[in-house]
Amino acid sequence: MDSDVAVGVKRGSDELNMYSSSPTALTANGSDSKKQRLEESPPSRVLHIRKLPNEVSETEVIALGLPFGKVTNILMLKGKNQAFLELGTEEAAITMVNYYTAVTPQVRNTPVFIQYSNHKELKTDSALNQRAQAVLQAVSAVQDGSSPSSDPGVLDLAPPPSPVLRIIIDNMFYPVTLDVLQQIFSKFGTVMKIITFTKNNQFQALLQFSDPVNAQQAKLSLDGQNIYNSCCTLRIDFSKLVNLNVKYNNDKSRDYTRPDLPTGDGESANKDHSLLGTPSGALASYSSGGGYSSSLSLSQGGGAISPLSAAAAAAAAAGRVALSGSGVSGVLLASNLNEEMVTPQSLFTLFGVYGDVQRVKILYNKKDSALIQLSDGNQAQLAMSHLNGQKVFGKVMRVTLSKHQTVALPREGLDDQLLTKDFSGSPLHRFKKPGSKNFQNIFPPSATLHLSNVRDAVGEEDLRLLFSNSGGTVKAFKFFQDRKMALIQMTSVEEAIQTLMELHNYDMGGNHHLKVSFSKSTI
């Protein structure tokens, strides 16, 4: 096909028909049955993107290509849920297709299909494509470091006020570490310093680039994106600070310009805490030193980007990197438990806040320890990150990954102390239903609890009394407007943990079972 063919809105429709019958088109959709060898479809710097969700914006499509190089043109075919994206070089397009052959590209949590176009160049009618061109011009200006001349109403691209970004992680279903942030954001420029902290029960970070333009480009590309599938959403703003003062290099803060800084807590500053580390294909076992050792497997040939920048590109582009979890045991060992108080049911309820607990076994010869089996390694990692070090029934609980792959059930009649319980058929699993709202409401243990499914006739005094009788002191209480939900604040996190274990699924009568979870709010 002639490389000078102009692709306008109408001509684009013709090309779509041609694609639907093309046997050589490469689709990067993660399905082995549909992957074709790269050589069968000639590479082009113009890419055809299909199955886009409704109402997708130009910025979101451009963001797919940004980590791989300059995006030079775009054509949206909104009625067809398709788009054409032109990159600055063929090499950048090859890198992008190679990468998305290994990692399924997603836009708004929807898998999309990317393949080479038969066109070598994208020519668009600017009169019919004004908005897309304005967005493209604005993005290009940020990439080049100049000030955009496009309509300022299209994108908020005022001169960047600071090289420091404030990052909040919403829906933190998996742990996010300082090294993960460094890998994701370094795709946009030199990351000089990072400080991480928890505020209002939310993981936050301050990250300083060497140049405010890099900070602006990262904000444009990453704000609102997810680090992992359907969770760990990045909320990014400019900080009022223009320089960060980092005192220690450890897993909470890092100054990459001063490797000589002390760790401050006796911990090695060079330890790898990254979930997106070396390319072994799956999350490796959690080492005794406390670091995650790896995660993604990516093809190395034919222009594929290196695993570290690939991991960053995944988050930067459509931003959804799926953790496989296949290399991690779903079984946890909880130790230093209060053996007088703890039961399989109480551990099922507590660990069930972070995953679907299948089995619990309190060890016969060591009753201050228990094995807890969750549905998969990701849930086990999540529960461990939130519950290790929490005080439960007066003792600081230790949670580590177990070497066991499953919890064995005792032979019938042998467990006379009822130390082992199978919960695999429990109706109380919070995460059994895909897309459940429970996935978006996972928070670290906190003194404030969220109550739902409150029965109509039950009032504030009833709930205060119920929680006080469970061994705690209620500091504050607040009903939501519909009075079916409420917040209740205990005097400590330990009290909140105890009352959650006792009162989650409490029968309030009339087939109303109280639902209790940790809240990020305070009253």
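Author: What follows describes the sheet, then the helix packed on it, and then the pocket.

This is a predicted model, in which local features need pLDDT of at least 70 and side-chain atom pairs count only at pLDDT 80 or more, while totals for chains, interfaces and linings use all residues. Residues are numbered from 1 along each chain as its sequence is written, and side-chain values use heavy atoms, with hydrogens and water left out.

The protein chain has eleven helices and 23 strands, where helices (H or I, at least four residues) and strands (E, at least two) are DSSP runs, numbered from the N terminus. Four of these strands form an open sheet in the order E21-E22-E20-E23, and their pairing is antiparallel; two strands count as paired if DSSP finds at least two bridges between them. Strand E21 (474-479) and E23 stand at the edges with a single partner strand each, so one side of each has no neighbour in the sheet. On average, neighbouring strands of this sheet are turned by 20° against each other, direction ignored; for such angles, axes are lines fitted to C-alpha atoms, for helices over the stretch in contact, and angles run from 0 to 180 degrees between N-to-C directions.

E21 is joined to strand E22 (residues 486-490) by five bridges, and the two run antiparallel. Within this part of the sheet, valine 474 stands opposite methionine 490 in E22. Helix H11 (residues 493-503) packs on the sheet and touches E20, E22 and E23, its direction making about 155° with that of E23, where contact means heavy atoms within 4.5 Å.

A pocket, on a 1 Å grid over the protein atoms alone and with a 1.4 Å probe, is an open set of points with protein on both sides within 12 Å along at least five of seven lines, and its lining residues have an atom within 4 Å of a point. E23 gives the largest share of this lining, four residues. In total 26 residues line the pocket, and Asn438, Asn441, His450, Ser452 and Ser517 lie nearest its centre. By class, the lining has eleven nonpolar, eleven polar and four charged residues.

Terms used: Nonpolar A, V, L, I, M, F, W, Y, C, P; charged D, E, K, R; others polar.
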